[in-house]
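Visitor: I am new to this structure and would like to know what the words used for it rest on. Please show it to me, and then I will ask.

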Amino acid sequence: MTTFNSLGLSNPVLKALNNMGFEETTPIQEQTIPLGLQGKDVIGQAQTGTGKTAAFGIPMIEKINKDIKSVQGLVIAPTRELAIQVAEEVNRLGKYKGVRTLPIYGGSNMERQIRALRDNQIVVATPGRLLDHIRRKTIKLENVHTAVLDEADEMLNMGFIDDIRDILKSLPEHRQTLLFSATMPKEIRNIATTLMKKPEEVKVKSKEMTVENIDQYYLEIPEKHKFDTLTRLLDIHAPALAIVFGRTKRRVDEVSDGLQARGFRAEGIHGDLTQGKRMSVLNKFKKGRIEILVATDVAARGLDISEVSHVYNFDIPQDPESYVHRIGRTGRAGRKGESVSFVTSREKAQLNLIEKLTKKKVERMNVPSSDEARRGQQQVAVEKLTGAVGNKDLDKYRQSASELLEQHDASDLVAAALKMLTKERSEVPVRLSSVQPISVKGARGGGKGKGGNKPYRKDGKRNFKKHSNKSRNFKGKGNRGFQNKGRNSNAK
Ligand SMILES: Nc1ncnc2c1ncn2[C@@H]1O[C@H](COP(=O)(O)OP(=O)(O)OP(=O)(O)O)[C@@H](O)[C@H]1O
Ligand SMILES: [Mg+2]
């Protein structure tokens, strides 16, 4: 294992790393930090949650000249939330050197950004907003010596590639370009190399593309049973924090509304929400005020929330790469995680494609019964009760306890206490609008024959009633099936 000390880093950066609790390098850091410091162009590929941010952030900070008050390092990231998160991590790394990092993204005040741009040496930007600044000439890029594309394959994909070319054209020719992602399809890698100078390719050796510490399951399930099955799984797993991925914005709205109607603390996040709303939902999730984030792929990449113990693919993703990123929201920095993907019978081929990409078999899981779900709910109550047994404040209840025990059978009393502590699930019926199953890219004869790709009935509107005021209290986080207790400690 390599320590950061042995990489020849400056004292202010070492102090920052020490403060952040980083002791040893991760493999991608060990291999790419020296290349970054030497000024080489790098394509770095390593699994989700293995510290790619610091892998590019550290050499970037080391190369900043503090006395120059203009932008010298530029990171481009696909979503606003990720730009903010990366800027926070780079700010932490640059704290003692006095390097300042600014996130710039659409939906925030332009004038304020322009003022802030004057004294930040590193900018982390989404492509659209950065291009706005470039076109309005409100950002000076002539001193940029290092450019990073985080989630590089996404940035070089259809949706972003033209913007990225335009941005790179406006940077000094003589610069270092670094590309990072957990996935890097060959065709994208080829595009990438045209934008770089003799890049070093670092691919951390590992058998599988996904991290080992995520237990991956799938269940085969008809569309119409997905929602009830999801709530059962949530009852059984009692996740600390969970992300549920849906395919479309409407789907996300419907699933999050449905979960709320059943008494779960859930909210949705997708690209149609205002920036303010997106931020507030994400912040509530980070603080545990909501425990289930329902999301489109807007939350699939890069987000680092260590307490996420479970990821559910309510809809299997269209791109196998997206699967890698989605499930990678759990099991970060060595923690344990679990993922469950819902697959309709027509989507089995998609699952095969995913397994082929990740070189990892996804284990089949049985659809849980309502009985198992009930036991799951009770288990939360059992944990609450047994957790309270050691409580010092019990003395003032002892008198009542012994009186009760004189009148009732002990097991009746415990059963009654458990019943009261168990938040029984409201049975509000929830029906979702139908969706089209994923069509497998490149599958031979796709759509051929009977109903190959026929869309399900499309009936539009959201359709469920809210009439229960029973709500579920998630305080007693069971965290069963998730052994890592030290969720707040940094893994090595
Ligand atoms: N050397 C280290 N020691 C301990 N923790 C680390 C180390 N490097 C990074 N971390 C922490 O690990 C977590 C994951 O890091 P990061 O977000 O950079 O992962 P990533 O590789 O970019 O993942 P993704 O592919 O999902 O974007 C962060 O909380 C980060 O602070
Ligand atoms: Mg990342």
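Visitor: Where is isoleucine 64 found?

Guide: In this predicted model, isoleucine 64 sits in the loop between α3 (52–62) and β2 (73–76). Helices (H or I, at least four residues) and strands (E, at least two) are DSSP runs, numbered from the N terminus. Residues are numbered from 1 along each chain as its sequence is written, while chains are lettered from A and ligands numbered from 1 in the order in which they are written. Local features need pLDDT of at least 70, side-chain atom pairs count only at pLDDT 80 or more, and totals for chains, interfaces and linings use all residues.

Visitor: Why does isoleucine 64 count as buried?

Guide: A residue is buried if 20 or more other C-beta atoms, placed from the backbone, lie within 10 Å of its own, exposed if 12 or fewer, and partly exposed in between. Isoleucine 64 has 22 C-beta neighbours inside 10 Å, so it counts as buried.

Visitor: Which residues does isoleucine 64 touch, not counting those up to four places away in sequence?

Guide: Gln72, Gly73, Val99, Gln121 and Ile122. Contact requires C-beta atoms, placed from the backbone, within 7 Å.

Visitor: What puts the buried residues of α1 on the same side?

Guide: In helix α1 (residues 11–19), the residues Val13, Ala16 and Leu17 are buried. They cover an arc of only 100° around the axis, and therefore lie on the same side of α1. The arc is that of the directions from the helix axis to the C-beta atoms. Asn11 and Asn19, on the other side of α1, are exposed. The cover over the buried residues of α1 includes α3 and α4. Glycine 21 follows α1 and has a positive phi, near 80°.

Visitor: What does UniProt list for residues 2–30?

Guide: An unreviewed UniProt entry lists "short sequence motif: Q motif" there, and UniProt also places "domain: DEAD-box RNA helicase Q" (unreviewed entry) at residues 2–30. UniProt positions are given in the numbering used here, feature names are shortened, and annotations may be inferred rather than shown by experiment. In the model, residues 2–30 are 45% helix and 0% strand, with end C-alpha atoms 7 Å apart.

Visitor: And what does UniProt place at residues 33–202?

Guide: The feature there is "domain: Helicase ATP-binding", again from an unreviewed entry. That span is 41% helix and 18% strand, and its end C-alpha atoms lie 11 Å apart.

Visitor: Which residues come nearest to ligand 1?

Guide: Thr48, Gly51, Lys52, Thr53 and Ala333 come nearest among the 21 residues around ligand 1; a residue is near if its C-beta atom, placed from the backbone, lies within 6 Å. The shell draws at least three residues from each of domain 1 and domain 2, and its largest share, three residues, comes from α3.

Conventions: Two residues are in contact if their C-beta atoms, placed from the backbone, lie within 7 Å. Domain bounds come from an automatic or database domain assignment.
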